[in-house]
Structures are given as C-alpha cells and as structure tokens.
Amino acid sequence: MPIEFKPLPYPPEAYEPHFDKQTMEIHHGKHYKTYVDTYNTLLTKVPALEGKPLHEVLEGNCAMVPDDSKTVARNHGGGAHNHALFWEILAPSAKGGGGEPVGNLKAAIDKTFGGFTAFKEKFETAAKTRFGSGWAWLIKKGDKVDVISTANQDSPLMEGAFPVIGLDVWEHAYYLKYQNKRPDYITAFWNLVNWQVAEDRFNRAK
Ligand code: MN
C-alpha cells in the first residue's frame, strides 16, 4: 500500500543549533521525499507489493519483490522507513529532546551496557565506524537490546530486529553544518533524542 510522506513534527528551525534548518529542510523535503515517491512509484509496477505494509516487505527482506525491483525496494523502502523513524524520535529540547533514557528502556540499557554513558560510547562507535553511508541503531531483538549499524538504507527489520532509535550517518544528514566532522554531528544528536518516544517504541516492539 502507498506509504505516507510524513511531515516533520516540528518546524525545521526548531532543531537548531544541533541540526540546522537548511539541512532539515533538504533532508526531509528532498531526500526523504525521494525515498517515499520512488517506493510508491514502484508499488504501481509490482503487484506483489500491493496491499503489503512496508514493514512486512522489509521484515521479509524484500523476498516477495521480483529480482529486477529488489534493489529499488530495499533502498527506497528502507529509506522511507528509516527516515520516518528518524523524524519520530527527534525533538527540540523544549519538546522533550535530550536527557536520558526512561522506564523499561532505561532498565534494559542499564542491564545490557552498564549504563547510559557506556551505551552512548558503543552507539557512537557504531556511528563513527560505519564506512560510507548508513545508520547506527539501538535495536530490540527478542528480549534483548543491542547496538548495530547498517549500510545504505538497510533496516534492522531485515535482520529480525526492531529499531528503537536510529541515527542517519549519510553525509546528506550533516555535511552542510558539520562537513567532515561526523563525530560532532553524532554528539549533537543526543540533544535531540526524545527518550519518551524511544520508550514507547521499546514497549511496543515485538
Ligand atoms: Mn537521510
């Protein structure tokens, strides 16, 4: 079924100074829109995808997609899904961004990593060491949480994991403000994570 082009929850300037207005406008209005539009165009050509929710297509590793359309489904379906999550978990500090994990997610992070600081280090390493384009993730798999990274627009759903939070480390996500300084962008990200949204996602993960 066609996927929705989700609006940014806050005005693009609301993420300043951590993520700049122009990057948010281009990232959401151009890059994300292309993923959504390209996937929706593919749907009109691939009957097997009709009526299938995007998350099911990704969970099934695009197995239902004909070979000549698999790459487009993976890149643009994954891109649409990953970015929708990204907009969902980001909030300006006045709207709940920043701070520390709460609730059941906090308990899981403390148990698995030994605390928020140790978790952040592991996540930042995943984000810094993803060569080229991709994402860093906090995932839930079964009863456990873990940190992983994926290449390109691959989704943790393709690995049987549920993405709780994700950080886009494509250059289009940070280059205007941070240029080659990906680590500074990663540090800035923590000021925008809405941990209540992350907690809600954690609690509804399968
Ligand atoms: Mn992106």
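Guide: Helices (H or I, at least four residues) and strands (E, at least two) are DSSP runs, numbered from the N terminus. This is a predicted model, in which local features need pLDDT of at least 70, side-chain atom pairs count only at pLDDT 80 or more, and totals for chains, interfaces and linings use all residues. Residues are numbered from 1 along each chain as its sequence is written, and side-chain values use heavy atoms, with hydrogens and water left out.

Visitor: In which helix is His-83 found?

Guide: The helix in question runs over residues 67-89. His-83 is therefore part of helix 3.

Visitor: Is His-83 buried or exposed?

Guide: Buried means under 20% relative accessible area, exposed over 50%, partly exposed in between (1.4 Å probe, protein chains only). His-83 has 0% relative accessibility, so His-83 counts as buried.

Visitor: Which backbone oxygen lies 2.7 Å from a polar atom of the side chain of His-83?

Guide: A polar contact is a pair of N or O atoms within 3.5 Å; within protein, one must be able to donate a hydrogen and the other to accept it, and residues adjacent in sequence count only if both atoms are side-chain atoms. The oxygen at 2.7 Å from the His-83 side chain belongs to Gly-79.

Visitor: Which residues are the protein donors of the manganese ion?

Guide: Donors are N, O and S atoms within 2.8 Å of the metal (3.2 Å for Na, K and Ca); water is not among the atoms, so sites may look incomplete. Along the sequence, the donor residues follow the spacing H-x55-H-x84-D-x3-H. Asp-168 is buried at 0% relative accessibility, and His-172 is buried at 18%. At 1.9 to 2.1 Å from the ion, the protein donors are His-27 (NE2), His-83 (NE2), Asp-168 (OD) and His-172 (NE2).

Visitor: How many residues of domain 1 are in contact with domain 2?

Guide: Domain bounds come from an automatic or database domain assignment, which gives domain 1 (20-91) and domain 2 (94-204). Contact means heavy atoms within 4.5 Å. On the domain 2 side 31 residues take part, and on the domain 1 side the number is 24.

Visitor: What is the area buried between domain 1 and domain 2?

Guide: Buried area is the accessible area (1.4 Å probe) that two parts lose on being put together, summed over both. Carbon and sulfur atoms give 61% of the area between these domains, and the total is about 2,300 Å².
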